[in-house]
Amino acid sequence: MVFLPLFLKLVGQPCLVVGGGAVAARRVALLRKAGGRVVVVAPEVNSDLAELAGRGDITHHARPFEAADLDNMKLVIAATNAVEINAEVSRIAQERSILVNVVDNPDLCSFVVPSILDRSPVLVAVTTGGASPVLARQLRTRMETMIP
């Protein structure tokens, strides 16, 4: 077992997402659903993130990532399309003992985001440790039919 399954309480906790595209937007949605206070750092963001920032639902810093962006963060997700930026975010976060996920690169992660089935109050998470996200989604889909 490489990853210990945990459920984190993020209500009111500061969470950083580095990146402004569709993948970053999905991670932002997930963090917001869990109650996290989300900060996005990206020179540009997609329309979904721009709308959230415009409403004040997230904070957006329209610039490249800086190490200081990690100050006081509980969790960080690197979701850029630049391998070197994602690696830098991971390295600095791990040096500071901040939980970090680099999308599509489990070797740079201290946690992975599972495939989630939310039937509150029942919450089921399936992961393959990043090895096969498609399999995890297929298993979640099968469980959707079993849990009302």
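These legends go with close-up views of a predicted model.

**About the model.** Local features need pLDDT of at least 70 and side-chain atom pairs count only at pLDDT 80 or more, while totals for chains, interfaces and linings use all residues of this predicted model. Residues are numbered from 1 along each chain as its sequence is written, and side-chain values use heavy atoms, with hydrogens and water left out.

**View 1. The largest pocket holds about 970 Å³ of space.** A pocket is found on a 1 Å grid over the protein atoms alone, as an open set of points where a 1.4 Å probe fits, with protein on both sides within 12 Å along at least five of seven lines. Its volume is the space filled by probe spheres set on the points, which are joined across faces, edges and corners. Lining residues have an atom within 4 Å of a point. Here there are 29 of them. Leu6, Phe7, Leu8, Pro114 and Ile116 lie nearest the centre. Helix 1 (22-33) gives the largest share, 4 residues. Strand 4 (75-78), strand 6 (115-119) and strand 7 (122-126) each supply at least two. Helices (H or I, at least four residues) and strands (E, at least two) are DSSP runs, numbered from the N terminus. By class, the lining has 22 nonpolar, 3 polar and 4 charged residues. Nonpolar means Ala, Val, Leu, Ile, Met, Phe, Trp, Tyr, Cys and Pro; charged means Asp, Glu, Lys and Arg; the others, Gly among them, are polar.

**View 2. The second largest pocket has a volume of about 570 Å³.** Its lining has 25 residues. Arg27, Val113, Pro114, Pro133 and Arg137 lie nearest the centre. Helix 1, strand 5 (99-102), strand 6 and helix 4 (133-146) each supply at least two lining residues. The classes split into 13 nonpolar, 7 polar and 5 charged.

**View 3. A salt bridge joins Asp57 and Arg32.** The N to O distance is 3.8 Å. A salt bridge needs a side-chain nitrogen of Lys or Arg within 4 Å of a carboxyl oxygen of Asp or Glu. Asp57 sits in the loop between helix 2 (47-55) and strand 3 (59-61), and Arg32 in helix 1, so the pair ties together parts 25 residues apart in sequence. Asp57 is partly exposed at 31% relative accessibility. Arg32, at 33%, is partly exposed too. Buried means under 20% relative accessible area, exposed over 50%, and partly exposed in between (1.4 Å probe, protein chains only). The whole structure has 9 salt bridges.

View 4. Glu51 is partly exposed, at 48%.

**View 5. Glu66 and Arg63 meet in a salt bridge.** The distance is 3.9 Å, N to O. Glu66 has a relative accessible area of 41% and is partly exposed. Arg63 is partly exposed at 23%. Elsewhere, salt bridges that share partners join Arg32, Glu51, Arg55 and Asp57 into one network.

**View 6. Strand 4 pairs with strand 1 and with strand 5.** Two strands pair if DSSP finds at least two bridges between them. Strand 1 (residues 14-18) runs parallel to strand 4, over 4 bridges. Val18 has Ala78 as its bridge partner. Strand 5 also pairs with strand 4 in the parallel sense, over 4 bridges. Val76 stands opposite Val100. From strand 4 the chain crosses through helix 3 (residues 83-95) to strand 5 in a right-handed β-α-β crossover. Right-handed means that, with the strands pointing away from the viewer, the path from the first strand over the helix to the second runs clockwise.

**View 7. The side chains of strand 4 point two ways.** Leu75 and Ile77 point one way, Val76 and Ala78 the other. All four are buried. In a regular strand, side chains alternate between the two faces of the sheet.
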